[in-house]
Amino acid sequence: MKQATSSRFPATSFCSLCLRLLLPLGLVAMALSSLVVLSVSGCLSAETTAAREPEFRLLVGVLTTPSRYERRGILRLAYALQPAPAAQVDVRFVLCDVTDAADAVLVAAEAARHGDILVLDGCSTENMNDGKTHAYLSSVPRLFAPCPYDYVMKADDDTYLRVAALADELRGKPREDVYLGRGYAVGDDPMPFMHGMGYVVSWDVARWVSANEDIVRRSGTRGHEDRLVGRWLNAGGRGRNRYNLKPRMYDINWDMDEFRPNTIAVHRLKNNRRWAAVFRHFNVTVGIKPSTAARPHN
Ligand SMILES: *[C@@H]1O[C@H](CO)[C@@H](O)[C@H](O)[C@H]1NC(C)=O
């Protein structure tokens, strides 16, 4: 398990170091692991500079693949250009082992620059149905043990999440035994599991997944990942505080659907045109002065 720092300050100083020495990935990973110790000594991240204590802390892991540099660039904008939520929300891009030699170098540089990349052990491929969600949920309680979050979220890289709206939903909810997202109805059960666009479990639930390998193995770690998460929790009687945010979390069906009022998450943003439409609709750039480069010529 290697994790980039959650504080911007060491990320920047580390970056200059890494660029100067052009460290190979192994060394970068070692250095990044040691930074975890630095960053968890204070639980507040650089994203949260407000003087007051956050009401709660939420870790958002965006599951993605190493080569999606452009998408991560758009997602960083999407998360950065949002009103600040009442909670501390830290966004990390979650990757499986980075095997390609070029990606290894580029991702290491990206991790050093942005400090928001989490590379998981224990998932050897980038196959969506090969245990990546399990590796993520079961790793974070160990990784962040010195400084646990209240909630952990799994999100897709084609989901636009409105963080303040989600945080408002979580505010009044219990901090334990929570499983929240867009319920996927099966038969009479409105939410045996949550849609993969994005869902939240409380920290105790992630810890339970991490500590109950037997139940998880028996219910399977291969197959449709998000369905499996529901199956584990149902088998173990966990996630009983279950909340369905349908219809405020939804797939956009490009030709037919409109964005919905009070959106929490919109999914299926598969190309830049769709991301541009999202930014336009949600007024992401309103009030931001265009840079000289973006200004039209007279
Ligand atoms: C974007 O801004 C316009 C103009 O102020 C406003 O009418 C609209 O409701 C805003 N859209 C959203 C999704 O907040």
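Two strands pair if DSSP finds at least two bridges between them. Strands (E, at least two residues) and helices (H or I, at least four) are DSSP runs, numbered from the N terminus. This is a predicted model: local features need pLDDT of at least 70, side-chain atom pairs count only at pLDDT 80 or more, and totals for chains, interfaces and linings use all residues. Residues are numbered from 1 along each chain as its sequence is written, and side-chain values use heavy atoms, with hydrogens and water left out.

**View 1. An open sheet of 3 strands.** The strand order is β6-β11-β10, with mixed pairing. β6 (159-161) and β10 (249-251) stand at the edges; each has a single partner strand, so one side of each lacks a neighbour in the sheet. Neighbouring strands are turned by 10° against each other on average, direction ignored. The axes behind this angle are lines fitted to C-alpha atoms.

**View 2. Pairing of β6 with β11.** β6 and β11 (residues 265-267) pair in the antiparallel sense over 3 bridges. Tyr160 stands opposite Val266 in β11.

**View 3. Glu169 in helix α6.** Helix α6 spans residues 163-171 and includes Glu169. Glu169 touches Leu245, Arg248 and Ile264, not counting residues up to four places away in sequence. Contact means heavy atoms within 4.5 Å. Leu180 is 11 residues from Glu169 in sequence and 9.6 Å away in space, C-alpha to C-alpha.

View 4. His281, Phe282 and Asn283 are the residues around the ligand, each with a heavy atom within 4 Å of it. A ligand oxygen atom is 2.3 Å from an N or O atom in the side chain of Asn283. The protein covers 30% of the 360 Å² of accessible area that the ligand has on its own (Shrake-Rupley method, 1.4 Å probe).

Technical notes. A polar contact is a pair of N or O atoms within 3.5 Å; within protein, one must be able to donate a hydrogen and the other to accept it, and residues adjacent in sequence count only if both atoms are side-chain atoms. Axes are lines fitted to C-alpha atoms, for helices over the stretch in contact, and angles run from 0 to 180 degrees between N-to-C directions.
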